[in-house]
Amino acid sequence: SESVLRVTISDDLCRVFTVMEMAVDPAKGSLDTFVDQVNTSITEKEKATIVERKKIATSFGEGVYVRSSLPAGGPCYIISFPKGKHIPPAETAVIFLQVGQRIYLIEYLLGGDREWPGFETKPVDTVLMNFFDGFKILK
């Protein structure tokens, strides 16, 4: 059986940081196969568009970076009158890594287009890499 550990941190700036660890059976396929399954799921269920996908080198080994846009995937909602409640579009950046028999997913999701003075919220790839750099201490 596969076990999953997931930690999610969200804030009032419409940002969500997620770290997930999954035990995997190597006989079920490669990291690329897993990434393909996740991408298929979000493109079908959430109508996401994959904007970029590439292999990356990390201090933990080779990984896969994926950036997507979601038409109404913001982790928050905006109330505007007279329209009412509106879920803004979102942008997400994810790093997938396989270390032994575990796959790690590190994600940054940003909803809406607001700028927050004093807070780095964009671009999503830069914020994700800064977040990911914090895990180097674990190596």
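Is T18 buried or exposed? In this predicted model, T18 lies in strand β2, and its relative accessible area is 1%; because buried means under 20% relative accessible area, T18 counts as buried. Leaving aside residues up to four places away in sequence, T18 touches R6, V7 and T8, as well as L105, I106, E107 and F131.

Six strands make up an open sheet with antiparallel pairing, in the order β1-β2-β8-β7-β4-β3. Its edge strands are β1, covering residues 4-10, and β3, each of which pairs on one side only, and from one strand to the next the twist averages 15 degrees. Strands of a sheet pair through backbone hydrogen bonds, in either a parallel or an antiparallel manner.

Two of the pairings can be described in more detail. Strands β7 and β8 run antiparallel and are joined by ten bridges, and T92 has L109 in β8 as its bridge partner. Strand β3, residues 49-58, is likewise antiparallel to β4, to which nine bridges join it; within this pairing A57 stands opposite E62 in β4. The strands β3 and β4 form a hairpin, with two residues between them.

Helix α2, which spans residues 124-133, lies across β2, β3, β4, β7 and β8, and runs at about 40 degrees to β7. One of the residues that T18 touches, F131, falls within the range of this helix.

The next feature to consider is the open space in the model. Rolling a probe the size of a water molecule over the atoms shows where empty space is left. The largest pocket has a volume of about 330 Å³ and is lined by 20 residues, with V38, I42, E46, L105 and E107 lying nearest its centre. Of these, L105 and E107 are also among the residues that T18 touches.

Which element gives the largest share of the lining of the largest pocket? That share, six residues, comes from α1. The elements that each supply at least two residues of the lining are β2 (15-23), α1 (31-45), β4 (61-70), β7 (90-99) and β8 (102-111).

Technical notes. Residues are numbered from 1 along each chain as its sequence is written. This is a predicted model: local features need pLDDT of at least 70, side-chain atom pairs count only at pLDDT 80 or more; totals for chains, interfaces and linings use all residues. Side-chain values use heavy atoms; hydrogens and water are left out. On a 1 Å grid over the protein atoms alone, a cavity is a set of points where a 1.4 Å probe fits but cannot get out, and a pocket is an open set with protein on both sides within 12 Å along at least five of seven lines; lining residues have an atom within 4 Å of a point. Grid points are joined across faces, edges and corners, and a volume is the space filled by probe spheres set on the points. Helices (H or I, at least four residues) and strands (E, at least two) are DSSP runs, numbered from the N terminus. Two strands pair if DSSP finds at least two bridges between them. Axes are lines fitted to C-alpha atoms, for helices over the stretch in contact, and angles run from 0 to 180 degrees between N-to-C directions. Contact means heavy atoms within 4.5 Å. Buried means under 20% relative accessible area, exposed over 50%, partly exposed in between (1.4 Å probe, protein chains only).
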